[in-house]
Amino acid sequence: MPDIRADGYTVVPSVLTAGQIAAGRRIVADMLAEDPPPADRTGPYFLWPRFDADGRLRDFYRDIDLAGLAGRVLTQTPEEPDAAQVAVTLPPFSHRPGGPHVDGLTPMAPDGRPGTFSLLAGVWLTDQSETDRGNLWVWPGTHLRFGAYLADRGADALVRVDEMNPGPYPKIDLGEPTQVTGAAGSVLFAHYLLAHNIGGHEGDERRETIYYRLHTPGHRERWRDVVTHPLLELR
Ligand SMILES: [Fe+2]
């Protein structure tokens, strides 16, 4: 099992009950029916529901106690998020990522702060036991090397995407990527700085993940410390 501190991500199996998986899939199906992808679309398709307008995925977050689970990884229980991302990959999607990216820089948060967070939580509603089923690709350990890169240059180098590879992701040693695997009902936790990207899908079933980007209390004020000390908010 990958280790969140050493590898920058981990997968917690069997978080959701069968009933919770089914409830999550109903919400996703309803949202996609309300906001469908174009008929001929394959590959990734995203929705970004904000909870002030649509609280269904806030209720789901509470129902599966994602805050409690994340609180076992983070030094503090995260604040409740105000939005989620519905991420589906529609097969067939023949694709190998050319490189990774970091979230939250293109575009930046409305306040000019880079869109950092304490932890990415991906709730898997469909099976991802096999590779090449729309699995997330990650480059293990890059959260530490990206943190060292920012400690050398200062945290504000995070927003200087012109100094990075186009992902955007900095020019650091990436190592070899791996596809994250696990059963439906698992939760992926990933570090903000971890190199990652969307993978291809050679299977038949639509891959469905709900992402929540979690912030500990005070994260937005201390983001410079967090990105230069990447283990700061982890237990
Ligand atoms: Fe991403």
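In what order do the three strands of the open sheet stand, and is their pairing parallel or antiparallel? In this predicted model, the order is 6-5-8 and the pairing is antiparallel. Strand 6 (178-179) and strand 8 (195-198) stand at the edges, and each has a single partner strand, so one side of each lacks a neighbour in the sheet. Strand 5 (residues 136-139) is joined to strand 6 by two bridges, and Trp137 is placed opposite Gln179 of strand 6. In general, strands of a sheet pair through backbone hydrogen bonds.

Helix 5 comprises twelve residues (residues 142-153), which at 1.5 Å a residue should span 16 Å; its end C-alpha atoms are 16 Å apart, in agreement with that expectation. The buried residues of this helix are Thr142, His143, Phe146, Gly147, Tyr149 and Leu150. Viewed down the axis of helix 5, these residues fall within an arc of 155 degrees and therefore line one face of the helix. They pack against strand 5, strand 8 and helix 6 (223-228). Gly154, which follows helix 5, has a positive phi, near 95 degrees.

Nonpolar side chains tend to be buried together in soluble globular proteins. The largest nonpolar core of the model contains 51 residues, of which Leu119, Ala121, Leu188 and Phe189 touch the most other members. Strand 4 (residues 119-124) contributes the largest share of this core, five residues. When neighbours within four places in sequence are left aside, Ala121 is in contact with Leu66, Ala70, Val187, Phe189, Tyr211, Tyr212 and Leu214.

Conventions:
Residues numbered from 1 in each chain as written. Predicted model: local features only at pLDDT ≥ 70, side-chain atom pairs only at ≥ 80, totals over all residues. Core = buried A, V, L, I, M, F, W, Y, C linked by C-beta atoms within 7 Å. Buried ≥ 20, exposed ≤ 12 C-beta atoms within 10 Å, placed from the backbone. Helix = DSSP H or I, 4+ residues; strand = E, 2+ residues; numbered from the N terminus. Contact = placed C-beta atoms within 7 Å. Pairing = 2+ DSSP bridges. Expected span 1.5 Å × (residues − 1). Arc of directions from axis to C-beta.
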